[in-house]
Amino acid sequence: MAEKRSADNAEQVNRRGRRRSTTAADLERAAFDLFDRHGFDATTVEEIAAAAGISKRTFFRYFESKNDVVWGSFSEQLTVMRERFGRCPEDQPIMDAVRTVVVEFNRFDSTQAPWHRKRMELILGVPALHAHSTLRYREWRDVVAEFVGGRLGLPVRELLPQSVAHAALGVAVAAYEHWLSGPEVELTDVLDRAFRNLATGFAV
């Protein structure tokens, strides 16, 4: 019923001849609003498209699935992350570089922070997203492993680069969960502290 209603709404918009310029950000906002009101599982692609004033077909020009909407422009962001690693001074210790890049990768304008919080609440809290998130996490780890392997002259799939990448992801996820537990917590501060602990082997 919801899918038919959404499709009908989109068709009505098209019949009225109203042309609208839509961006990926528009779709994200429409989707997040629907997720807030109806939940992730109950929201359909048709409803997201209708809320943004576009057709289902146009939706798929921006995102491959509803799951991908939650991750937004993640691939583009990873390109930026890789570029940040490329600018790290050659004499900077590896774990210091990883901490610096991950912290900066998660530094957002104050107006964007609420959206990022919603995004991470979905990613970490919706079971239906967990399998999809595994693929994204691997992409993130690959960027870290490439940097570590490059510094050490090791293949990306060697144990040490992969160990650092997996440990870094685990620390980042723990920091995110801590951040989500209290709105007064600053994400970059939590990440900085967590990665400093990782660099010392969690020495206490």
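**Pocket, helix and aromatic pairs**

Reply: Helix H8 gives the largest share of the lining of the largest pocket, 6 residues. The model is predicted: local features need pLDDT of at least 70, side-chain atom pairs count only at pLDDT 80 or more, and totals for chains, interfaces and linings use all residues. Residues are numbered from 1 along each chain as its sequence is written, and side-chain values use heavy atoms, with hydrogens and water left out.

Me: What is the volume of the largest pocket, and what makes a set of points a pocket?

Reply: The volume is about 550 Å³. On a 1 Å grid over the protein atoms alone, a pocket is an open set with protein on both sides within 12 Å along at least five of seven lines, whereas in a cavity a 1.4 Å probe fits but cannot get out; lining residues have an atom within 4 Å of a point. Of the 26 lining residues, the closest to the centre are Trp71, Gln77, Phe108, His116 and Arg119. By class, the lining has 16 nonpolar, 6 polar and 4 charged residues.

Me: Why is the pair of Phe32 and Trp115 called tilted?

Reply: Rings pair if their centres lie within 6.5 Å; planes under 30 degrees apart count as stacked, over 60 as edge-to-face and the rest as tilted. Phe32 and Trp115 are 5.8 Å apart centre to centre, with 40 degrees between the planes, and the pair is tilted. Phe32 lies in H2 and Trp115 in H8, so the pair ties together parts that are 83 residues apart in sequence.

Me: Why is Phe32 called buried, and Trp115 partly exposed?

Reply: Buried means under 20% relative accessible area, exposed over 50%, and partly exposed in between (1.4 Å probe, protein chains only). Phe32 has 2% and is therefore buried; Trp115 has 27% and is therefore partly exposed.

Me: What makes the pair of Tyr176 and Trp179 edge-to-face?

Reply: The centres are 6.0 Å apart and the planes of Tyr176 and Trp179 lie at 65 degrees, which is edge-to-face. Tyr176, at 10% relative accessibility, counts as buried, and so does Trp179, at 6%.

Methods
Grid points are joined across faces, edges and corners, and a volume is the space filled by probe spheres set on the points. Helices (H or I, at least four residues) and strands (E, at least two) are DSSP runs, numbered from the N terminus. Ala, Val, Leu, Ile, Met, Phe, Trp, Tyr, Cys and Pro count as nonpolar, Asp, Glu, Lys and Arg as charged, and the others, Gly among them, as polar.
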